[in-house]
Amino acid sequence: MSSVEIHQYIVSLLEKSDPVILDIGCNDGTDTQHFLDLCPQAQLYCFEPDPRAIARFRKKLGPSLDKVKLLEIAISDRNGVIEFHPSNADGDAKEWDLSGSIRRPKNHLTEYDWVRFDRPVPVQTRRLDDWCNEAGLNRVDFIWMDVQGAEADVIAGGMQTVSNTRFIYTEYSDRELYEGQLSLQAILDLLPSFEVAAHYPRDVEGDVLLKNNALLTAT
């Protein structure tokens with residue numbers, strides 16, 4: 001299934017013209033733009049701490065920027081400041097910013113040895129529950145979570161929000177690419193009301209779509 005087909009499938013599941021979507025780790029806005037194209041009335045909240053990705057996000061979205069809310073912060077298990085490990089590379093992959101994380105790289109250093117990690121930089125961070133409470137979001141239709149090994153941090157700071165979320169799409173790895181990265185089973189153990197709705201395996205890690213059975217049954 002292609003990336004576009006995945007986005008189309010997710011939007012079809014939401015069954016709403018104006019779903020609330022959180023794009024956590026939005027990078028350059030590629031996924032954000034897909035959701036805007038498929039669902040122009042979506043309420044999109046996008047989170048990204050890397051200044052390089054933020055600049056590309058603003059450029060890519062261009063005139064569509066007023067249709068989304070971009071938060072230049074990391075989502076984690078705390079409020080304040082946290083260390084972010086920016087990724088980089090040389091040659092054709094120069095300025096590679098797709099692997100940056102608030103988690104220190106571990107097996108990523110050998111699995112993807114062409115990627116290097118520059119010196120950590122401080123970034124602003126928020127707990128998802130606190131941010132959602134301030135934003136007045138009581139129900140979330142979908143979370144797109146691409147946080148490079150920091151899934152546990154997002155969940156720990158967002159248990160209330162997650163329990164009120166219908167679907168979550170997340171990247172995972174069972175090889176601990178980042179220190180303390182959760183396996184798929186460990187993610188499911190933290191989210192007992194969720195089950196796998198679709199699985200998209202790749203060579204080293206994979207992507208998975210989770211559905212909240214408790215919430216879907218209630219609705």
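User: How do you know that S4 and strand S8 (residues 121-127) pair, and in which sense?

Analyst: Happy to show you: S4 and S8 pair in the parallel sense over 3 bridges, and strands count as paired if DSSP finds at least two bridges between them. In that pair, Ile75 stands opposite Arg126 in S8. The model is predicted: local features need pLDDT of at least 70, side-chain atom pairs count only at pLDDT 80 or more, and totals for chains, interfaces and linings use all residues. Residues are numbered from 1 along each chain as its sequence is written, and side-chain values use heavy atoms, with hydrogens and water left out. Helices (H or I, at least four residues) and strands (E, at least two) are DSSP runs numbered from the N terminus.

User: What makes strand S4 (74-76) and strand S5 (80-84) stand at the edges?

Analyst: The open sheet here has 3 strands in the order S4-S8-S5, with mixed pairing. S4 and S5 each have a single partner strand, so one side of each is left without a neighbour in the sheet. Neighbouring strands of this sheet are turned by 55 degrees against each other on average, direction ignored. Axes are lines fitted to C-alpha atoms (for helices, over the stretch in contact), and angles run from 0 to 180 degrees between N-to-C directions. Helix H5 lies across S4 and S8, at about 60 degrees to S8.

User: Which strands are the edge strands of the 7-strand sheet?

Analyst: That open sheet, also with mixed pairing, has the order S3-S2-S1-S9-S10-S12-S11. Strand S3 (68-71) and strand S11 (194-201) are its edges, each pairing on one side only. Inside it, strand S1 (residues 20-24) and strand S2 (residues 43-47) run parallel and share 5 bridges; Leu22 stands opposite Tyr45 in S2. Helix H5 (residues 128-135) packs on the sheet, touching S1, S2, S3 and S9, with its direction at about 140 degrees to that of S1.

User: Why is H1 called oblique to H2?

Analyst: Helix H1 (residues 3-14) and helix H2 (residues 30-38) pack at about 55 degrees, with axes 10 Å apart. That makes H1 oblique to H2, because angles under 35 degrees count as roughly parallel, over 145 as roughly antiparallel, 65 to 115 as roughly perpendicular, and the rest as oblique.

User: What does H1 meet in H2?

Analyst: Ser3, Val4, His7, Gln8, Ile10 and Val11 of H1 meet Asp31, His34, Phe35 and Leu38 of H2, where contact means heavy atoms within 4.5 Å. These residues divide into 5 nonpolar, 4 polar and 1 charged (Ala, Val, Leu, Ile, Met, Phe, Trp, Tyr, Cys and Pro are nonpolar; Asp, Glu, Lys and Arg charged; the others, Gly among them, polar).
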